[in-house]
Amino acid sequence: MSEQAVYLHDLVYRQAELRPGAPALWWQGRYTSYRDLSALIEGLACGIAARTKPGARVAVLSWNSNIYQALLYAVPAAGRIIVPLNARLAAPELMHQLHHAGVDLLLAQSALAGPLLARQDLPHGLEILCDEDGWPSLLIQGELPGERIAMTADTPAWLLYTSGSTGRPKGAVLTHSSLLAGLDSGAQGRPVMPDDRFLYPFPLFHVAAHNTLLQHRYGACVMLLPGFDALEVIRCCLELGITTLSAAPTMLGMLLDHPDFDKRVLADLRAIGYGASSMPLSLLERLMAVTEADLSQGYGMTELSGSIAFLGADDHRRARIERPDILQSVGKPVRGVAVRLAGEAGGEVAVGESGEILVKARQCLQAYWQQPEATRAAFSEGWFATGDIGRFDDDGYLFIVDRKKDMIVSGGENIASKEVEEVLRLHPAVRDAAVIGVDDPQWGESLCALIVRHDREEGGPKGADLIAHCRAYLAGYKIPRRYETLDALPLNANGKVDKPLLRRRYNGQAV
């Protein structure tokens, strides 16, 4: 019956009919059944509809909670658009998004709302409700007003702001239809069993939250954490019967490095999904050595309502036997999604050659909010330009070469930072690395490598040693000449290395 869902809230409502007493959500030691989650969603939707007009934007500024999970359904159920705000943003960044989205109602945790309440430039008419206990004033009894009947599958449901890796964040408009189509793709790459207990450590303001919807589509239970904490993940895996887990590579690295980690932690897991950023091959091999769980890598982005390609469990098994190189790919596009690679002139490139990844699928964003020019630039004859550079091999595996807009241009040469980073990670003293372009009066940009060393007590690899190391793998113009040692690479809310921050820092700009 879940396949017949037209709206996001149908996912929970259908399970409430089929398995009313089954657990839908675990939060801070307590389970919520599908019956109770359905009632919570309906109550929140009624309250939101009573306070706002159809199509209104309702922002949420909060860390993870059971109420936040319900709001991801309840706001769209009321015919409104939810705007999940990144709780790590500074007040000016939040203000930009509140104004840009034209937010009518802000549901905020008091501790996070403080800096906003002190400002004089809040959007006119914005109503703010602060209550970290779940905004109970929204819960009312009764039926939703008739305006909800005007909804269609293409009605906007979520408005998610991108991470801003190439400039000021844009608001990606995701509809009921696009998000449900994303679940069709997710089910192919990460099958869900009704009795699964899925541990979710990402923030709910991230597009990764679509994974919680995928669990509810099949009647599984979402085990929700306030955020990622390696020790808490270890405890949950050992004590709560976790069967599936989703994490970013950085999270998995922290988990494997934790002093309390051993093989028992992952022993009962059926599947582990990873994504959000590229997985260093060395880390993936470490993970494969300590678990027999099915592994699945997803490739997607906010604008795609989830993932459109997967390196699935069978692919990981194949890699162990005959094709270790495919571990560096993101797998193959799923059914229902068309992917092609476009060269500089826009034409399709041959197998083995690199081009920009273009996607045509129902799960693509509807538009960038209030930015028609950006929307037109992103689409060409129905194809969405991802900004990623990739190549296909003869077997149809997709390899990501780099971000198109993250290319470093030095002396007229385009340099893929990912390629240089992978070479640096091969050095025995290098634990992790990020490569950025810094201003150079002669070359336009030169390469700067930010290094995290394995042993913090040691001085770390010297620049001359790393130059010699890179020379064995790279052309001369690709070798960084500047090296800085960090204790850790800064991450944004998506679990990705915050390269905009690093560029500002090492170009002498205000951070």
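**Rings and charges, a quick chat**

Q: Where does the charged end of K332 sit?
A: This is a predicted model, and in it the charged end of K332 sits over the ring of Y397, 4.6 Å from the ring centre.

Q: And what about R391, which ring does its charged end sit over?
A: That would be F399, with the charged end of R391 4.3 Å from the centre of the ring.

Q: OK, switching to ring on ring. How many aromatic pairs does the structure hold?
A: There are 4 aromatic pairs. One of them is W63 with F205, a tilted pair with 6.4 Å from centre to centre and 50° between the planes.

Q: Where in the chain are W63 and F205?
A: In distant parts, 142 residues apart. W63 is in the loop between β3 (57-61) and α3 (66-77), while F205 is in the loop between β9 (197-200) and α7 (210-217).

Q: Is F205 buried or exposed?
A: F205 is buried, at 8% relative accessibility.

Q: Which side of the buried cut-off is F384 on?
A: F384 counts as buried because its relative accessibility is 1%, and the cut-off is under 20%. F379, at 23%, is partly exposed.

Q: Last one: which residues do ring pairs link into a cluster?
A: F198, Y200 and F202.

Definitions and conventions:
Residues numbered from 1 in each chain as written. Predicted model: local features only at pLDDT ≥ 70, side-chain atom pairs only at ≥ 80, totals over all residues. Heavy atoms only, no water. Phe/Tyr/Trp six-rings, centres within 6.5 Å; stacked < 30°, edge-to-face > 60°. Helix = DSSP H or I, 4+ residues; strand = E, 2+ residues; numbered from the N terminus. Buried < 20%, exposed > 50% of the residue type's maximum accessible area, 1.4 Å probe, protein only. Lys NZ or Arg CZ within 6 Å of the ring centre and 35° of its normal.
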